[in-house]
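Please read this report beside the sequence and the model.

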Amino acid sequence: MSSVPRLVIAAPSSGSGKTTVATGLMAAFAARGLAVSPHKVGPDYIDPGYHALATGRVGRNLDAYLCGPELIGPLFAHGARGCDLAVVEGVMGMYDGAAGEGELASTAHVAKLLRAPVVLVVDASSQSRSVAALVHGFASWDPEVRVGGVILNKVASDRHEELLREALDAAGVPVLGVLRRAPQVDTPSRHLGLVPVAERQSAAVEAVAAMAAQVREGCDLEALFALARSAGALTGEAWDAPVTGTTQHEVIAVAGGPAFTFSYAEHTELLTAAGAEVVVFDPLRDEQLPDGTRGLVIGGGFPEVYAAELSANEPLRKAVSALADSGAPVAAECAGLLYLCRELDGRPMCGVLDATARMSERLTLGYRDAVALSDSVLAVAGTRMRGHEFHRTVVEPGSGAAPAWGVRAPERRVEGFVQQGVHASYLHTHWAAEPGVARRFVERCRTS
């Protein structure tokens, strides 16, 4: 299926510098003329935006919880097809996965599924000889995970580097890079993590360039590429969106722009394969839906940051409401759910749902095991899917007369709204796990 050279960039914990190293490596290798395939372990939407900027290719997620372990290899091969190198950024600490599920969806789990060597990024800012014990522990914890080298981050001085190298010589794990402290490569964060690329534009380009320069200066790119070539071959077929469409192409509008940046590339590919003409529009600027719109997809993002601007675009809010009232299919996830509410933080939204949304101090975060409770444009009742929640907002009420999902874990509750052609929910799902979702949605667009 795939023999593309590949590396997994992992770390002992969040905040160690994975994104800086992974994005810098992607950009540095791409600058050498290599076709670099960027990937991210887990459900995160923001890092892949920086990866895409670094490589010029779509950033793709590899999530063994949302999609199942059996799809990790095929999805990787789909994204990496025709590339010279793939760089996979891990999630959290290397062995941290879905809560209560052992190694499932951890960086280590995905590395094993990909038969890929791991490069461990270590924040060395507050240690010297202890780094050897740390690296030894991570390298020996699971003998099926091959830690092929270490990149030391936030190293203070030449003397500090010397002490670290001496310690790691004894551990038998090669040092493949040393990065000094460099504030210029930092990317700003807010309530849900990094600020997305779409909101930073030229500043994001400068940040990625700085990451690439730091990696070029501090890392042994030849040794890293040699390590990537040692990855084992994967067997089986690459994933492809099943072609089920007809010669009739229904226009499906997909929200984009700075307020709605969260989407998986496979969703658009699945809709297109099912016969849709996908047209992206920006709710901050466009006053009407694309001509001929038969269905609407509003994914995740940050409508709370742009509530005033979204509210001010009254013509589009009315157009969305009219489309929903007509019974046309509308799929809304998280940010889309907020946009369909009557109001968000006191500002008028589309009014499709008889609910209000507001910012909250509480972070809701985690994987969810869910079952569809109502027949909808996405699924028949009883369909089981796995999802992910990540927000600091509250919608009241949390569900309608016909709830979208019954959440089975970690706690039992009902969630979301199904009414006419609308399916609105906080849950982010990955449609590659259930291709029938996209096919059903396009068929409903065709017949509504």
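The lining of the second largest pocket takes in 39 residues, and those nearest its centre are Phe 260, Thr 261, Phe 262, Ser 263 and Tyr 264. A pocket here is an open set of points on a 1 Å grid over the protein atoms alone, with protein on both sides within 12 Å along at least five of seven lines, and lining residues have an atom within 4 Å of a point. This is a predicted model, in which local features need pLDDT of at least 70 and side-chain atom pairs count only at pLDDT 80 or more, while totals for chains, interfaces and linings use all residues. Residues are numbered from 1 along each chain as its sequence is written, and side-chain values use heavy atoms, with hydrogens and water left out.

The volume of the second largest pocket is about 770 Å³, a volume being the space filled by probe spheres set on the grid points, which are joined across faces, edges and corners. Elements that give two or more residues to the lining of this pocket are α2 (46–55), α7 (197–200), β10, α10 (265–273), β12 (293–298), β13 (330–333) and β21 (422–425). Helices (H or I, at least four residues) and strands (E, at least two) are DSSP runs, numbered from the N terminus. The lining of the second largest pocket divides into 24 nonpolar, 14 polar and one charged residues. Ala, Val, Leu, Ile, Met, Phe, Trp, Tyr, Cys and Pro count as nonpolar, Asp, Glu, Lys and Arg as charged, and the others, Gly among them, as polar.

The whole structure has two cavities of 30 Å³ or more, a cavity being a set of grid points where a 1.4 Å probe fits but cannot get out. The second largest cavity holds about 30 Å³ of space. Its lining consists of Leu 378, Ala 379, Met 385, Trp 405, Thr 429, Trp 431 and Val 437.

| Helices | Axis distance | Angle |
|---|---|---|
| α3 (72–80) and α4 (107–114) | within 9 Å | roughly 75° |
| α1 (18–31) and α9 | within 12 Å | roughly 100° |
| α2 and α8 (202–218) | 10 Å | about 70° |

Axes are lines fitted to C-alpha atoms, for helices over the stretch in contact, and angles run from 0 to 180 degrees between N-to-C directions. α3 and α4 are therefore roughly perpendicular, a term for angles of 65 to 115 degrees. Their contact (heavy atoms within 4.5 Å) is made by Ile 72, Gly 73 and Phe 76 of α3 and Val 110, Leu 113 and Leu 114 of α4. α1 meets α9 through Leu 25, Ala 28 and Phe 29 of α1 and Leu 221, Leu 224 and Phe 225 of α9. α2 meets α8 through Tyr 50, Leu 53 and Ala 54 of α2 and Ala 204, Val 205 and Val 208 of α8.

The count of salt bridges (a side-chain nitrogen of Lys or Arg within 4 Å of a carboxyl oxygen of Asp or Glu) is 23. One of them joins Arg 81 and Asp 240 at 3.3 Å, N to O. Arg 81 is in the loop between α3 and β4 (85–89) and Asp 240 in the loop between α9 (221–229) and β10 (250–255), so the pair ties together parts 159 residues apart in sequence.

Two backbone details remain. Glu 396 and Pro 397 are joined by a cis peptide bond, with omega about -5°. Pro 397 lies in the loop between β17 (384–396) and β18 (405–409). Arg 115, a residue other than glycine, has a positive phi near 50°, and is placed in the loop between α4 and β5 (118–123).

Key
Parallel < 35°, antiparallel > 145°, perpendicular 65-115°, else oblique.
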